[in-house]
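Hello,

Here is the structure I promised to pass on. Please open it first, then read my notes below.

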Amino acid sequence: MEISDDLKKQLVVWRRDFHKYAEPGWTEFRTTSKIVKALQGLGWDVIYGPDVHKADTRMGVPDAETLAAARPRAVQQGADPELVEKMGEGFTGAIGILKTGKPGPVVGFRFDIDSNDLFEPTDDETHVPTKLGFASVNDGAMHGCGHDGHAAMGLGLATVLSQHKDELTGTVKIFFQPAEEGVRGAHSMVAAGWFDDVDLFVATHLMAAQGAGHICTGMDTSLASTKFDVYFEGVGAHAGADPQKGHNALLAACAATTN
Ligand SMILES: [Zn+2]
């Protein structure tokens, strides 16, 4: 399957656009607006807004003030106001669905779309986005993990699959997942049931250190992570009275951390 020069150029345009307007987890209003429009333009069915997430299972959603500031900024930076309105309180995931009309498996691809809480380097000698003029214009938000590239790759995949729809069978779902940083975004999309019918699933991550032209594959646990809370409970004691009866929770937590 050949990828056209036009699409190669478009991938660069998409990636730089997402990079310039970086949006952290659950505030990807502009990013998702662009993704939804692009998928609709390709003729995909698109699910977005609250239907994508099981609301009460979303993790680490920013406060209402942060969301209220992010929405008008997204519109000012080119997001569709109606789409932003529908995404409301940070329901910023999107799912593209391509039904081929022929029997076959449901194949899912996942691309994450959020930026990091970072300031973009301003060195225009060595930092390529600054040098070429697509550095983040949103202070404190920068794509440092490559999810700008992931969003572009998802749209590139959608483009190629659309071009070859007649050769495909089954159904393809492309998941554009918000809030990957902090391991927050996937759970509520899974809880909403969108993955229940997926037979084959692929998730990807760019690894700049590998250099271009390499593909590393892994099953199940490749780049996987999870979160858990650990509590250390101690027993208070004081030097003047029975210090030997104390259990130092802070020291235990420090020892566990360094181990
Ligand atoms: Zn990442």
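Start with D242. This residue is exposed because 9 other C-beta atoms lie within 10 Å. The cut-offs are these: buried takes 20 or more other C-beta atoms within 10 Å of the residue's own, exposed takes 12 or fewer, and partly exposed is in between, with C-beta atoms placed from the backbone. D242 sits in the loop between β5 (200-203) and α8 (249-258). Its phi is near 50 degrees, a positive value in a residue other than glycine.

Two notes on the source. This is a predicted model, in which local features need pLDDT of at least 70 and side-chain atom pairs count only at pLDDT 80 or more, while totals for chains, interfaces and linings use all residues. Residues are numbered from 1 along each chain, as its sequence is written.

V183 also has a positive phi, about 55 degrees, and is not a glycine. You will find V183 in the loop between β4 (171-177) and α7 (186-191). V183 counts as partly exposed because it has 15 C-beta neighbours inside 10 Å.

Now the overall layout. The protein chain has 8 helices and 5 strands. Both are DSSP runs, numbered from the N terminus: helices are H or I with at least four residues, strands are E with at least two. From the N terminus on, the order is α-α-β-α-α-β-β-α-α-β-α-β-α. The C-alpha atoms fill a box of roughly 80 × 50 × 40 Å, taken along the principal axes. Of the 259 residues in the chain, 33% are buried.

The domain assignment gives domain 1 (5-210) and domain 2 (229-259). Such bounds come from an automatic or database assignment. The centres of domain 1 and domain 2, taken over C-alpha atoms, are 44 Å apart.

Next, contacts. Two residues are in contact if their C-beta atoms, placed from the backbone, lie within 7 Å. Take the contacts in the chain between residues at least 6 apart in sequence: 80% of them join residues at least 24 apart.

What is in the core? The largest nonpolar core has 41 residues, and those with the most contacts inside it are I35, A94, A151, I174 and F176. The largest share of this core, 6 residues, comes from α6. A nonpolar core is a set of buried Ala, Val, Leu, Ile, Met, Phe, Trp, Tyr and Cys residues joined through C-beta atoms within 7 Å. Leaving aside neighbours within four places in sequence, I174 touches I95, G96, F109, F111, G154, L157 and A158.

Look at α6 again. Which residues does T159 touch, not counting those up to four places away in sequence? They are L7 and L42. T159 is in helix α6 (residues 147-163). T159 counts as buried because it has 21 C-beta neighbours inside 10 Å. T159 and D199 are 40 residues apart in sequence and 22 Å apart in space, C-alpha to C-alpha.

Last, a helix pair. Helix α1 (residues 5-20) packs with α6 at an angle of about 145 degrees, and their axes are 8 Å apart. The contact uses L7, L11, W14, R15, F18 and H19 of α1, and D148, G149, A151, A152, L155, G156 and T159 of α6. Axes are lines fitted to C-alpha atoms, for helices over the stretch in contact, and angles run from 0 to 180 degrees between N-to-C directions.

Best wishes
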